[in-house]
Amino acid sequence: MKRTLFVVDDDPSFRILLNTVLSKEYQVVTIPDAQTCLSQLEKDKPDLIITDYAMPETNGMELTIKIKEKYPELPVIVLTAYGSIEAAVEVLKKGAFHYLEKNTSGTVSTANFTVLKELIRRALERVDLQNETARYKTEVENLKKQVTEFRPTTLVGNSDAIQTLRKMMEQVANIDSTVLIRGETGTGKNLAAAIIHKMSKRKESGRFVEINCAALPETLLEAELFGHEQGAFTDAKTTKKGLFEVADKGTLFLDEIDSASLSVQSKLLSVLETRSFRRVGGTKTFSVDVRLICATNASLEEKVSEGKFREDLFYRINVVSIIMPPLRELGDDVISLAEQFIQRFSNEMNKPIKGLTDEAKKQIRSHVWKGNVRELRNVIERAVIFTPVGESVTENQISLTSFSEQPLNSRSQKQFSMDFGKSLEDVKLAYIQAVLKENPNSYTEAAKILGITSKSLWEIRKRHDL
Ligand SMILES: Nc1ncnc2c1ncn2[C@@H]1O[C@H](COP(=O)(O)OP(=O)(O)OP(=O)(O)O)[C@@H](O)[C@H]1O
Ligand SMILES: [Mg+2]
(Lines give C-alpha, C1' and ligand atoms only; values in the text may rest on other atoms or scores of the structure.)
(Ligands and ions follow the chains in the order given, each with its own letter.)
Protein backbone atom coordinates (compact mmCIF):
# COMPACT_ATOMS: atom_id res chain seq x y z
CA MET A 1 0.00 0.00 0.00
CA LYS A 2 1.25 3.46 -0.87
CA ARG A 3 2.25 5.73 2.02
CA THR A 4 0.42 9.03 2.29
CA LEU A 5 2.28 12.31 1.98
CA PHE A 6 0.82 15.76 2.63
CA VAL A 7 2.25 18.48 0.41
CA VAL A 8 1.45 21.87 1.96
CA ASP A 9 2.25 24.89 -0.19
CA ASP A 10 0.39 28.05 -1.12
CA ASP A 11 1.92 27.96 -4.62
CA PRO A 12 -0.45 25.84 -6.76
CA SER A 13 2.07 25.16 -9.52
CA PHE A 14 4.67 23.83 -7.06
CA ARG A 15 1.99 21.59 -5.50
CA ILE A 16 1.29 20.17 -8.96
CA LEU A 17 5.00 19.71 -9.65
CA LEU A 18 5.56 17.81 -6.39
CA ASN A 19 2.47 15.72 -7.03
CA THR A 20 3.86 14.77 -10.46
CA VAL A 21 7.26 13.90 -9.06
CA LEU A 22 6.03 11.90 -6.06
CA SER A 23 2.72 10.32 -7.00
CA LYS A 24 4.24 7.21 -8.58
CA GLU A 25 5.54 6.08 -5.23
CA TYR A 26 3.25 7.82 -2.80
CA GLN A 27 -0.35 8.76 -2.22
CA VAL A 28 0.02 12.54 -2.41
CA VAL A 29 -2.52 14.88 -0.82
CA THR A 30 -1.95 18.51 -1.84
CA ILE A 31 -3.05 21.17 0.61
CA PRO A 32 -2.95 24.96 0.15
CA ASP A 33 -2.41 26.11 3.75
CA ALA A 34 -1.39 25.11 7.27
CA GLN A 35 -4.86 25.30 8.84
CA THR A 36 -6.31 22.84 6.32
CA CYS A 37 -3.34 20.57 6.91
CA LEU A 38 -3.93 20.55 10.68
CA SER A 39 -7.62 19.83 10.27
CA GLN A 40 -6.95 16.93 7.88
CA LEU A 41 -4.29 15.22 9.99
CA GLU A 42 -6.68 13.20 12.12
CA LYS A 43 -8.74 12.00 9.17
CA ASP A 44 -6.02 11.10 6.63
CA LYS A 45 -3.27 10.04 9.04
CA PRO A 46 -0.40 10.91 6.67
CA ASP A 47 2.97 9.19 7.00
CA LEU A 48 4.94 12.35 6.26
CA ILE A 49 4.43 16.07 5.71
CA ILE A 50 6.29 18.24 3.21
CA THR A 51 5.60 21.89 3.85
CA ASP A 52 6.73 25.17 2.41
CA TYR A 53 8.30 27.54 4.93
CA ALA A 54 7.00 30.83 3.57
CA MET A 55 3.20 30.74 3.67
CA PRO A 56 0.74 33.49 4.60
CA GLU A 57 -0.86 33.25 8.08
CA THR A 58 0.74 30.11 9.51
CA ASN A 59 4.23 29.47 8.15
CA GLY A 60 6.07 26.16 7.84
CA MET A 61 7.85 26.53 11.16
CA GLU A 62 4.67 27.26 13.11
CA LEU A 63 3.04 24.34 11.35
CA THR A 64 5.96 22.08 12.32
CA ILE A 65 5.58 23.13 15.99
CA LYS A 66 1.84 22.39 15.95
CA ILE A 67 2.29 19.02 14.27
CA LYS A 68 5.05 18.02 16.69
CA GLU A 69 2.86 18.89 19.71
CA LYS A 70 0.29 16.31 18.69
CA TYR A 71 2.28 13.89 16.55
CA PRO A 72 5.90 13.95 17.73
CA GLU A 73 6.83 10.96 15.53
CA LEU A 74 5.38 12.32 12.30
CA PRO A 75 8.26 13.43 10.05
CA VAL A 76 8.11 16.92 8.58
CA ILE A 77 10.33 18.11 5.73
CA VAL A 78 10.38 21.90 5.34
CA LEU A 79 11.16 23.62 2.04
CA THR A 80 13.14 26.74 2.84
CA ALA A 81 14.22 29.55 0.56
CA TYR A 82 17.65 29.09 -0.94
CA GLY A 83 20.39 30.41 1.35
CA SER A 84 18.23 30.90 4.44
CA ILE A 85 20.38 28.86 6.77
CA GLU A 86 18.70 30.54 9.79
CA ALA A 87 15.27 29.27 8.75
CA ALA A 88 16.76 25.81 8.18
CA VAL A 89 18.39 25.70 11.61
CA GLU A 90 15.20 26.99 13.20
CA VAL A 91 12.96 24.29 11.72
CA LEU A 92 15.42 21.55 12.65
CA LYS A 93 15.39 22.84 16.24
CA LYS A 94 11.61 22.67 16.22
CA GLY A 95 11.78 19.00 15.33
CA ALA A 96 11.58 18.91 11.52
CA PHE A 97 13.14 15.75 10.09
CA HIS A 98 15.03 17.78 7.52
CA TYR A 99 14.89 20.84 5.34
CA LEU A 100 15.42 21.25 1.62
CA GLU A 101 16.22 24.46 -0.17
CA LYS A 102 13.72 25.57 -2.78
CA ASN A 103 14.88 27.60 -5.74
CA THR A 104 12.48 30.26 -6.84
CA SER A 105 13.13 32.12 -10.04
CA GLY A 106 10.39 34.62 -10.87
CA THR A 107 7.18 32.73 -10.22
CA VAL A 108 8.67 29.31 -10.93
CA SER A 109 9.99 27.17 -8.10
CA THR A 110 11.99 23.99 -8.19
CA ALA A 111 14.06 21.83 -5.84
CA ASN A 112 16.47 18.91 -6.04
CA PHE A 113 13.94 16.08 -6.34
CA THR A 114 16.48 13.30 -6.07
CA VAL A 115 17.51 14.62 -2.68
CA LEU A 116 13.87 15.13 -1.69
CA LYS A 117 12.97 11.55 -2.57
CA GLU A 118 15.94 10.27 -0.66
CA LEU A 119 14.94 12.37 2.36
CA ILE A 120 11.39 11.04 2.20
CA ARG A 121 12.64 7.50 1.96
CA ARG A 122 14.94 7.96 4.92
CA ALA A 123 12.29 9.74 6.99
CA LEU A 124 9.78 6.96 6.42
CA GLU A 125 12.35 4.34 7.23
CA ARG A 126 13.11 6.14 10.45
CA VAL A 127 9.47 6.07 11.46
CA ASP A 128 9.41 2.36 10.81
CA LEU A 129 12.48 1.94 12.94
CA GLN A 130 10.91 3.83 15.81
CA ASN A 131 7.84 1.61 15.60
CA GLU A 132 9.84 -1.55 15.82
CA THR A 133 12.41 -1.07 18.51
CA ALA A 134 13.12 -4.76 18.67
CA ARG A 135 14.29 -4.72 15.08
CA TYR A 136 16.01 -1.37 15.53
CA LYS A 137 19.56 -2.53 15.20
CA THR A 138 19.23 -4.57 12.05
CA GLU A 139 17.07 -1.92 10.41
CA VAL A 140 19.76 0.72 10.93
CA GLU A 141 22.28 -1.59 9.34
CA ASN A 142 20.00 -2.06 6.34
CA LEU A 143 19.30 1.63 6.09
CA LYS A 144 22.97 2.49 6.02
CA LYS A 145 23.55 -0.17 3.43
CA GLN A 146 20.74 1.15 1.26
CA VAL A 147 22.10 4.67 1.40
CA THR A 148 25.41 3.49 0.02
CA GLU A 149 23.67 1.27 -2.50
CA PHE A 150 21.50 4.16 -3.67
CA ARG A 151 23.98 5.11 -6.32
CA PRO A 152 24.64 3.12 -9.50
CA THR A 153 27.28 0.46 -9.28
CA THR A 154 29.01 0.76 -12.60
CA LEU A 155 30.81 3.45 -14.49
CA VAL A 156 29.06 4.24 -17.74
CA GLY A 157 31.24 4.89 -20.77
CA ASN A 158 33.51 3.32 -23.35
CA SER A 159 35.99 6.10 -24.03
CA ASP A 160 39.67 5.30 -23.61
CA ALA A 161 39.69 7.36 -20.43
CA ILE A 162 36.86 5.35 -18.83
CA GLN A 163 38.34 2.03 -19.97
CA THR A 164 41.71 2.90 -18.45
CA LEU A 165 39.95 3.98 -15.29
CA ARG A 166 37.99 0.72 -15.07
CA LYS A 167 41.16 -1.33 -15.51
CA MET A 168 42.94 0.67 -12.85
CA MET A 169 40.05 0.22 -10.41
CA GLU A 170 40.05 -3.52 -11.00
CA GLN A 171 43.76 -3.65 -10.34
CA VAL A 172 43.56 -1.79 -7.05
CA ALA A 173 40.36 -3.45 -5.81
CA ASN A 174 42.06 -6.43 -4.25
CA ILE A 175 45.20 -4.92 -2.90
CA ASP A 176 44.86 -3.30 0.47
CA SER A 177 46.83 -0.12 -0.23
CA THR A 178 45.24 3.21 0.44
CA VAL A 179 43.86 4.80 -2.72
CA LEU A 180 43.64 8.52 -3.33
CA ILE A 181 40.95 9.48 -5.84
CA ARG A 182 41.45 12.88 -7.39
CA GLY A 183 39.47 14.82 -9.92
CA GLU A 184 37.22 17.78 -10.52
CA THR A 185 33.87 18.09 -8.87
CA GLY A 186 31.13 15.79 -10.17
CA THR A 187 33.47 13.40 -11.97
CA GLY A 188 32.39 10.37 -9.95
CA LYS A 189 34.91 10.15 -7.12
CA ASN A 190 32.35 8.88 -4.62
CA LEU A 191 30.99 6.45 -7.16
CA ALA A 192 34.50 5.14 -7.93
CA ALA A 193 35.21 4.58 -4.23
CA ALA A 194 32.00 2.58 -3.83
CA ILE A 195 32.78 0.51 -6.92
CA ILE A 196 36.30 -0.29 -5.74
CA HIS A 197 34.80 -1.64 -2.51
CA LYS A 198 32.17 -3.66 -4.43
CA MET A 199 34.87 -5.22 -6.62
CA SER A 200 37.04 -6.14 -3.65
CA LYS A 201 36.90 -9.21 -1.43
CA ARG A 202 36.06 -6.81 1.41
CA LYS A 203 32.55 -6.63 0.01
CA GLU A 204 31.96 -10.06 1.59
CA SER A 205 33.62 -9.39 4.91
CA GLY A 206 32.76 -5.78 5.72
CA ARG A 207 30.93 -2.63 4.84
CA PHE A 208 31.58 0.44 2.71
CA VAL A 209 31.41 3.37 5.09
CA GLU A 210 31.81 6.94 3.95
CA ILE A 211 32.20 10.30 5.56
CA ASN A 212 32.79 13.79 4.22
CA CYS A 213 35.56 15.48 6.17
CA ALA A 214 34.33 18.95 5.13
CA ALA A 215 30.89 18.42 6.57
CA LEU A 216 31.75 18.20 10.24
CA PRO A 217 33.63 20.46 12.62
CA GLU A 218 36.95 19.08 13.88
CA THR A 219 35.84 17.60 17.21
CA LEU A 220 32.75 15.94 15.73
CA LEU A 221 34.78 14.49 12.87
CA GLU A 222 37.21 13.01 15.34
CA ALA A 223 34.41 11.48 17.42
CA GLU A 224 32.74 10.21 14.28
CA LEU A 225 35.90 8.51 13.00
CA PHE A 226 37.24 7.07 16.23
CA GLY A 227 34.12 6.89 18.40
CA HIS A 228 33.89 8.13 21.98
CA GLU A 229 33.39 6.88 25.49
CA GLN A 230 30.45 7.99 27.57
CA GLY A 231 31.11 11.47 29.04
CA ALA A 232 34.12 12.17 26.78
CA PHE A 233 32.52 15.54 26.04
CA THR A 234 29.25 17.32 26.86
CA ASP A 235 27.11 15.62 24.22
CA ALA A 236 28.66 12.18 24.64
CA LYS A 237 25.75 10.71 26.59
CA THR A 238 26.56 7.16 25.56
CA THR A 239 29.53 5.22 24.23
CA LYS A 240 29.66 5.31 20.47
CA LYS A 241 31.55 3.22 17.96
CA GLY A 242 33.64 5.16 15.47
CA LEU A 243 33.53 4.60 11.73
CA PHE A 244 36.86 2.80 11.83
CA GLU A 245 35.17 0.15 13.97
CA VAL A 246 32.04 0.12 11.82
CA ALA A 247 34.17 -0.36 8.69
CA ASP A 248 36.25 -3.18 10.21
CA LYS A 249 37.13 -5.72 7.48
CA GLY A 250 35.57 -3.35 4.98
CA THR A 251 36.39 0.00 3.39
CA LEU A 252 36.35 3.48 4.89
CA PHE A 253 35.99 6.30 2.38
CA LEU A 254 37.17 9.72 3.54
CA ASP A 255 35.78 12.27 1.14
CA GLU A 256 37.31 15.77 0.88
CA ILE A 257 40.26 14.59 2.97
CA ASP A 258 41.94 17.98 2.46
CA SER A 259 39.41 19.45 4.91
CA ALA A 260 40.52 17.29 7.83
CA SER A 261 42.26 19.37 10.51
CA LEU A 262 45.93 18.82 11.33
CA SER A 263 44.92 17.12 14.57
CA VAL A 264 42.61 14.65 12.78
CA GLN A 265 45.36 14.16 10.20
CA SER A 266 47.86 13.08 12.82
CA LYS A 267 45.34 10.62 14.29
CA LEU A 268 44.72 9.22 10.82
CA LEU A 269 48.43 8.79 10.29
CA SER A 270 48.71 6.93 13.55
CA VAL A 271 45.86 4.53 12.60
CA LEU A 272 47.46 3.90 9.24
CA GLU A 273 50.77 3.11 10.90
CA THR A 274 49.60 1.05 13.85
CA ARG A 275 46.25 -0.24 12.51
CA SER A 276 44.85 0.62 15.92
CA PHE A 277 43.34 3.58 17.73
CA ARG A 278 41.58 4.72 20.88
CA ARG A 279 38.13 6.17 21.19
CA VAL A 280 37.89 9.82 22.26
CA GLY A 281 38.09 9.80 26.06
CA GLY A 282 39.01 6.12 26.11
CA THR A 283 42.09 4.18 27.12
CA LYS A 284 41.46 0.84 25.44
CA THR A 285 43.22 0.25 22.12
CA PHE A 286 41.14 -1.16 19.27
CA SER A 287 42.74 -2.99 16.37
CA VAL A 288 41.02 -2.77 13.02
CA ASP A 289 41.45 -4.08 9.51
CA VAL A 290 40.19 -1.24 7.36
CA ARG A 291 41.00 -0.34 3.79
CA LEU A 292 41.12 3.41 3.37
CA ILE A 293 40.08 5.29 0.24
CA CYS A 294 40.41 9.07 0.22
CA ALA A 295 39.17 11.65 -2.25
CA THR A 296 39.86 15.28 -2.91
CA ASN A 297 39.46 17.88 -5.60
CA ALA A 298 42.04 20.14 -3.98
CA SER A 299 45.75 20.17 -4.69
CA LEU A 300 47.20 18.29 -1.71
CA GLU A 301 50.70 19.21 -2.88
CA GLU A 302 49.80 22.87 -2.48
CA LYS A 303 48.25 22.23 0.93
CA VAL A 304 51.43 20.43 1.97
CA SER A 305 53.57 23.36 0.88
CA GLU A 306 51.29 25.74 2.78
CA GLY A 307 51.65 23.59 5.90
CA LYS A 308 47.96 22.72 5.92
CA PHE A 309 48.35 19.05 5.09
CA ARG A 310 50.87 16.70 6.70
CA GLU A 311 53.43 15.60 4.19
CA ASP A 312 53.86 12.17 5.82
CA LEU A 313 50.09 11.57 5.65
CA PHE A 314 50.05 12.71 2.03
CA TYR A 315 52.61 10.02 1.12
CA ARG A 316 50.72 7.46 3.21
CA ILE A 317 47.41 7.99 1.44
CA ASN A 318 48.87 8.61 -2.00
CA VAL A 319 50.17 5.06 -2.46
CA VAL A 320 47.94 4.60 -5.46
CA SER A 321 46.27 7.58 -7.01
CA ILE A 322 43.38 7.48 -9.43
CA ILE A 323 42.48 10.54 -11.47
CA MET A 324 38.85 10.83 -12.54
CA PRO A 325 38.66 12.25 -16.06
CA PRO A 326 36.50 15.33 -16.54
CA LEU A 327 33.42 14.93 -18.75
CA ARG A 328 34.99 17.02 -21.53
CA GLU A 329 37.57 14.26 -22.05
CA LEU A 330 34.99 11.50 -22.45
CA GLY A 331 33.90 12.23 -26.04
CA ASP A 332 30.68 10.42 -26.96
CA ASP A 333 30.38 8.97 -23.46
CA VAL A 334 28.52 12.14 -22.61
CA ILE A 335 25.66 10.90 -24.82
CA SER A 336 25.73 7.38 -23.33
CA LEU A 337 25.64 8.94 -19.88
CA ALA A 338 22.77 11.25 -20.83
CA GLU A 339 20.83 8.28 -22.26
CA GLN A 340 21.48 6.23 -19.18
CA PHE A 341 20.20 9.06 -16.95
CA ILE A 342 17.09 9.40 -19.15
CA GLN A 343 16.40 5.72 -18.64
CA ARG A 344 16.97 5.94 -14.92
CA PHE A 345 14.80 9.00 -14.36
CA SER A 346 12.06 7.87 -16.70
CA ASN A 347 11.91 4.58 -14.75
CA GLU A 348 11.89 6.42 -11.45
CA MET A 349 9.13 8.74 -12.61
CA ASN A 350 7.30 5.89 -14.34
CA LYS A 351 7.28 7.94 -17.50
CA PRO A 352 8.45 6.27 -20.72
CA ILE A 353 10.74 8.60 -22.68
CA LYS A 354 12.16 7.67 -26.09
CA GLY A 355 15.62 9.18 -25.86
CA LEU A 356 17.32 12.28 -27.23
CA THR A 357 16.65 14.11 -30.48
CA ASP A 358 19.67 14.75 -32.71
CA GLU A 359 19.54 18.45 -31.86
CA ALA A 360 19.51 17.66 -28.15
CA LYS A 361 22.54 15.40 -28.65
CA LYS A 362 24.33 18.19 -30.46
CA GLN A 363 23.61 20.59 -27.66
CA ILE A 364 24.81 18.14 -25.03
CA ARG A 365 28.00 17.48 -26.99
CA SER A 366 28.83 21.18 -27.37
CA HIS A 367 28.03 22.31 -23.83
CA VAL A 368 30.91 22.95 -21.45
CA TRP A 369 30.05 20.73 -18.49
CA LYS A 370 31.86 22.49 -15.70
CA GLY A 371 29.95 20.48 -13.10
CA ASN A 372 30.82 17.28 -15.01
CA VAL A 373 28.58 14.21 -14.72
CA ARG A 374 26.63 15.66 -11.80
CA GLU A 375 25.64 18.71 -13.83
CA LEU A 376 24.63 16.46 -16.73
CA ARG A 377 22.55 14.27 -14.41
CA ASN A 378 20.69 17.26 -13.00
CA VAL A 379 20.00 18.73 -16.42
CA ILE A 380 18.62 15.38 -17.59
CA GLU A 381 16.46 14.97 -14.49
CA ARG A 382 14.84 18.35 -15.14
CA ALA A 383 14.48 17.54 -18.85
CA VAL A 384 12.71 14.24 -18.11
CA ILE A 385 10.26 16.04 -15.82
CA PHE A 386 9.30 18.41 -18.62
CA THR A 387 9.29 15.95 -21.54
CA PRO A 388 5.82 14.63 -22.49
CA VAL A 389 5.29 10.86 -22.03
CA GLY A 390 6.45 8.78 -24.99
CA GLU A 391 8.40 11.58 -26.63
CA SER A 392 12.11 12.31 -26.96
CA VAL A 393 13.97 14.91 -24.96
CA THR A 394 14.48 17.91 -27.25
CA GLU A 395 17.07 20.67 -27.09
CA ASN A 396 14.39 22.93 -25.55
CA GLN A 397 13.97 20.67 -22.57
CA ILE A 398 17.68 20.67 -22.00
CA SER A 399 17.58 24.02 -20.30
CA LEU A 400 21.27 24.57 -19.89
CA THR A 401 21.94 27.36 -17.45
CA SER A 402 23.25 30.16 -19.59
CA PHE A 403 25.92 31.17 -17.13
CA SER A 404 27.78 27.93 -17.85
CA GLU A 405 27.60 28.53 -21.58
CA GLN A 406 28.99 32.01 -21.31
CA PRO A 407 32.74 32.08 -21.29
CA LEU A 408 33.78 33.69 -18.08
CA ASN A 409 36.04 36.65 -18.51
CA SER A 410 39.69 35.84 -18.54
CA ARG A 411 41.25 35.08 -15.20
CA SER A 412 43.59 38.06 -15.36
CA GLN A 413 40.73 40.55 -15.56
CA LYS A 414 38.81 38.74 -12.83
CA GLN A 415 35.45 40.07 -13.88
CA PHE A 416 32.05 38.57 -13.62
CA SER A 417 29.24 39.50 -15.95
CA MET A 418 25.82 38.20 -16.88
CA ASP A 419 23.11 39.18 -19.31
CA PHE A 420 20.20 41.20 -18.03
CA GLY A 421 16.97 39.32 -17.50
CA LYS A 422 18.30 36.86 -14.91
CA SER A 423 16.74 36.49 -11.50
CA LEU A 424 18.65 37.34 -8.35
CA GLU A 425 18.75 33.63 -7.63
CA ASP A 426 20.41 32.85 -10.99
CA VAL A 427 22.96 35.58 -10.41
CA LYS A 428 23.78 34.32 -6.92
CA LEU A 429 24.35 30.76 -8.06
CA ALA A 430 26.31 31.85 -11.13
CA TYR A 431 28.51 34.09 -9.01
CA ILE A 432 29.17 31.32 -6.48
CA GLN A 433 30.07 29.01 -9.35
CA ALA A 434 32.35 31.63 -10.91
CA VAL A 435 34.15 32.19 -7.61
CA LEU A 436 34.57 28.43 -7.18
CA LYS A 437 35.99 28.21 -10.68
CA GLU A 438 38.43 31.02 -9.99
CA ASN A 439 39.58 29.24 -6.84
CA PRO A 440 39.50 25.59 -7.83
CA ASN A 441 41.89 24.52 -5.13
CA SER A 442 40.78 26.52 -2.17
CA TYR A 443 37.38 26.30 -0.63
CA THR A 444 38.45 28.54 2.19
CA GLU A 445 39.52 31.24 -0.23
CA ALA A 446 36.27 30.96 -2.25
CA ALA A 447 34.21 31.09 0.96
CA LYS A 448 36.18 34.14 2.12
CA ILE A 449 35.45 35.98 -1.12
CA LEU A 450 31.76 35.09 -0.84
CA GLY A 451 31.67 36.13 2.81
CA ILE A 452 30.33 32.80 4.08
CA THR A 453 31.88 29.91 6.01
CA SER A 454 33.48 27.01 4.16
CA LYS A 455 30.83 24.75 5.61
CA SER A 456 27.98 26.92 4.25
CA LEU A 457 29.69 26.98 0.88
CA TRP A 458 30.01 23.23 0.94
CA GLU A 459 26.35 22.89 1.82
CA ILE A 460 25.20 25.29 -0.91
CA ARG A 461 27.37 23.49 -3.44
CA LYS A 462 26.01 20.09 -2.48
CA ARG A 463 22.44 21.30 -2.39
CA HIS A 464 22.60 22.92 -5.79
CA ASP A 465 25.04 20.47 -7.29
CA LEU A 466 27.39 23.25 -8.27
N1 LIG B 1 31.04 7.29 -15.31
C2 LIG B 1 29.90 7.44 -14.64
N3 LIG B 1 28.86 6.62 -14.89
C4 LIG B 1 27.68 6.76 -14.25
N5 LIG B 1 27.43 7.71 -13.35
C6 LIG B 1 28.41 8.57 -13.05
C7 LIG B 1 29.70 8.48 -13.67
N8 LIG B 1 30.48 9.45 -13.15
C9 LIG B 1 29.72 10.12 -12.29
N10 LIG B 1 28.48 9.59 -12.20
C11 LIG B 1 27.36 10.12 -11.39
O12 LIG B 1 27.54 11.53 -11.30
C13 LIG B 1 27.17 12.03 -10.02
C14 LIG B 1 28.33 12.71 -9.38
O15 LIG B 1 29.31 11.75 -8.99
P16 LIG B 1 30.09 11.81 -7.59
O17 LIG B 1 29.22 12.34 -6.51
O18 LIG B 1 30.73 10.49 -7.39
O19 LIG B 1 31.18 12.95 -7.98
P20 LIG B 1 32.39 13.51 -7.12
O21 LIG B 1 33.57 13.49 -8.00
O22 LIG B 1 32.45 12.79 -5.83
O23 LIG B 1 31.94 15.02 -6.90
P24 LIG B 1 32.41 16.06 -5.71
O25 LIG B 1 33.84 16.39 -5.92
O26 LIG B 1 31.54 17.24 -5.97
O27 LIG B 1 32.12 15.38 -4.43
C28 LIG B 1 26.67 10.83 -9.27
O29 LIG B 1 25.27 10.76 -9.41
C30 LIG B 1 27.34 9.65 -9.96
O31 LIG B 1 26.59 8.48 -9.78
MG1 LIG C 1 32.24 13.56 -3.90
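**Notebook: helix packing in a predicted model**

Residues are numbered from 1 along each chain as its sequence is written, while chains are lettered from A and ligands numbered from 1 in the order in which they are written.

I took helices (H or I, at least four residues) as DSSP runs, numbered from the N terminus, and likewise strands (E, at least two).

The axes of helix 19 (residues 424-438) and helix 20 (residues 443-450) come within 9 Å and cross at roughly 140°; axes are lines fitted to C-alpha atoms, for helices over the stretch in contact, with angles from 0 to 180 degrees between N-to-C directions. That makes helix 19 oblique to helix 20 (under 35 degrees is roughly parallel, over 145 roughly antiparallel, 65 to 115 roughly perpendicular, the rest oblique). I found Ile432, Val435 and Leu436 of helix 19 meeting Ala446, Ile449 and Leu450 of helix 20 (contact: C-beta atoms, placed from the backbone, within 7 Å).

I then turned to helix 15 (residues 333-348) and helix 16 (residues 358-366), whose axes come within 9 Å and cross at roughly 120°. Their crossing is right-handed. Val334, Ile335 and Ala338 of helix 15 make the contact with Lys361, Ile364 and Arg365 of helix 16.

Terms used
Predicted model: local features only at pLDDT ≥ 70, side-chain atom pairs only at ≥ 80, totals over all residues. Contact = placed C-beta atoms within 7 Å. Left-handed = near helix turned anticlockwise from the far one by under 90°.
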